[in-house]
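Have a look at the model below and keep it open while you read. We will go through it together, one question at a time.

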Amino acid sequence: MRSIEWKNGKVRIIDQTKLPGKLVFLDISDIGRMREAIKQLKVRGAPAIGVAGALGLYLGIKNSRAAGYASFKAELGRKADYLASSRPTAKNLFGALSRIIRAAEEHSELPPEKIKKVILNEALAIISEDAASCAGISVNGARLFKNRERVLTVCNAGALATAGCGTALGVIYKAHALGKIAKVYSCETRPLLQGARLTCYELRNNGVDVTLICDNMAAALMAQGKIDRVIAGADRIALNGDSANKIGTYSLAVLAHYHRIPFYIAAPVSSFDFSLCSGAGIPIEERDPFEVTGMFFRSPAAPPGTKVYNPAFDVTPAGLITAIITDRGVLKPPYPDKIRRLAETAGAR
Ligand code: MRU
């Protein structure tokens, strides 16, 4: 099951807003629909959004009539900005768009028709690199687990969120295959229920024992000794290790710290933002109040006109993170020098 792929000249995605009820595939052939799909979380999860952005940019310029490089480049820049305005937090979206623009710049001597091919190839390379990153994260992370552990996760950082087997869930799949996972608890992840709808769907389909809890039940489970480790994905990681992920991740890290339970972030190098010293600079998306009051209720969950604050992400301070599991190895605190070294090797690619 691929959450996003390039098929017959179109981008095929699983419409994640329809899960778990229906498995619906959408074939996207224009940039406008791709931007909407990202914004509405039809395709979601930081790495998958990166892939969607790269392929979306190709869709946006594939019919360009620009005759020379200067006008082609200007059009590419405008369309990249348009896609970048869909969601602000995941580094992968901006990283993938910049990478496509760089690839075009490196081939500026070619006619636009040939640069288009370079762009498609670059987008396809992002897909295969992400799949390889997930595999690397899984192997590196599974080593941290002992036997038959009980793991808590939040949101969905699985195959649905990437072009591979996932980041946090990739680690769980690998550890499960090695007999190291007894069961997984999935936080439902209010307000959009990625944990309930997507993580439970994915884990059940893959034969992993999963139990759904409401977000406010995590502390009680930890106090009862039912959780051995917590693992989550990331949308953007700063140089000091501060990590943005789905709203509620920070609370889990605080709770894990109090209960002395290891708390891991699992993410590819493409989710690191080497330009940010700390998480204070990470833009946090705010979404429609309706997601909190109406999306999953038959009648509104609050009186009409109630003020709603709906941040989609929070930042977990590096000090609460036991380790950051990447495709290039497992980073342990103190993070800054290790992340700087990661930046040097990433820059060298
Ligand atoms: O709003 P979403 O569903 O895109 O949020 C996704 C997450 O928070 C994931 O944990 C993160 O992007 C990592 S996905 C491998």
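This is a predicted model: local features need pLDDT of at least 70, side-chain atom pairs count only at pLDDT 80 or more; totals for chains, interfaces and linings use all residues.

Q: Which radius of gyration does the chain have, and what would a compact globule have?
A: Along the principal axes, the C-alpha atoms fill a box of roughly 65 × 50 × 35 Å. For 349 residues, a compact globule would have a radius of gyration near 20 Å. The chain agrees with that, because its own value is 20 Å.

Q: What share of the residues in the chain is buried, and what share of the contacts with a separation of 6 or more comes from residues 24 or more positions apart?
A: Of the 349 residues in the chain, 54% are buried. Among contacts with a separation of 6 or more, the part made by residues 24 or more positions apart is 75%.

Q: Are helices H1 and H2 roughly parallel or antiparallel?
A: H1 covers residues 31–39 and H2 covers residues 46–61; their axes come within 8 Å and cross at roughly 165°. Angles over 145 degrees count as roughly antiparallel. H1 is therefore, relative to H2, roughly antiparallel.

Q: Which residues of H1 meet H2, and how many residues of the contact are charged?
A: H1 passes H2 in a left-handed crossing. From H1 come Ile31, Met34 and Ile38, and they meet Ile49, Ala52, Gly53, Gly56, Leu59 and Gly60 in H2. The residues of this contact divide into six nonpolar and three polar, and the number of charged ones is none.

Q: How are helices H3 and H4 oriented to each other?
A: H3 spans residues 69–84 and H4 spans residues 91–106. The two pack with axes 10 Å apart, at an angle of about 175°. Such an angle lies in the range over 145 degrees, so H3 and H4 are roughly antiparallel.

Q: Which residues make the contact of H3 with H4, and how many of them are charged?
A: H3 contributes Tyr69, Lys73, Leu76, Ala80, Leu83 and Ala84. From H4 come Leu93, Phe94, Leu97, Ile101, Ala104 and Glu105. Ten of the contact residues are nonpolar and no polar ones take part, while the charged ones number two.

Q: Is Arg99 buried or exposed, and which residues does Arg99 touch?
A: Arg99 sits in helix H4. Its relative accessible area is 18% and the cut-off for buried is under 20%, so Arg99 is buried. Leaving out residues up to four places away in sequence, Arg99 touches Glu122, Ala125, Ile126 and Glu129.

Q: Why is helix H6 largely enclosed by the rest of the structure, and which of its residues are buried?
A: H6 runs over residues 168–177, and it is largely enclosed because seven of its ten residues are buried. The buried residues are Ala168, Leu169, Gly170, Val171, Ile172, Tyr173 and Ala175.

Q: Where is Ser243, and which residues does Ser243 touch?
A: Ser243 belongs to strand S9, residues 243–246. With 0% relative accessibility, Ser243 counts as buried. Apart from residues up to four places away in sequence, Ser243 touches Arg236, Ile237, Ile265, Asp314, Val315, Thr316, Ile321 and Ile324.

Q: Which residues does each cis peptide bond with omega of about 5° or about 0° join?
A: Pro20 is in the loop between strands S2 and S3, and Pro334 lies in the loop between strand S13 and helix H11. With omega of about 5°, the cis bond joins Leu19 and Pro20. With omega of about 0°, the cis bond joins Pro333 and Pro334.

Q: What is the phi of Asn8, and what is the phi of Arg260?
A: Asn8 is in the loop between strands S1 and S2 and counts as exposed at 73% relative accessibility. Arg260 is in the loop between helix H9 and strand S10, and at 77% relative accessibility it also counts as exposed. Neither is a glycine, yet phi is positive: about 50° for Asn8 and near 55° for Arg260.

Definitions and conventions. Residues are numbered from 1 along each chain as its sequence is written. Side-chain values use heavy atoms; hydrogens and water are left out. Axes are lines fitted to C-alpha atoms, for helices over the stretch in contact, and angles run from 0 to 180 degrees between N-to-C directions. Helices (H or I, at least four residues) and strands (E, at least two) are DSSP runs, numbered from the N terminus. Angles under 35 degrees count as roughly parallel, over 145 as roughly antiparallel, 65 to 115 as roughly perpendicular and the rest as oblique. A crossing is left-handed if the near helix is turned anticlockwise from the far one by less than a right angle, and right-handed if clockwise. Contact means heavy atoms within 4.5 Å. Ala, Val, Leu, Ile, Met, Phe, Trp, Tyr, Cys and Pro count as nonpolar, Asp, Glu, Lys and Arg as charged, and the others, Gly among them, as polar. The radius of gyration is taken over C-alpha atoms; the globule rule is 2.2 Å times the number of residues to the power 0.38. Buried means under 20% relative accessible area, exposed over 50%, partly exposed in between (1.4 Å probe, protein chains only).
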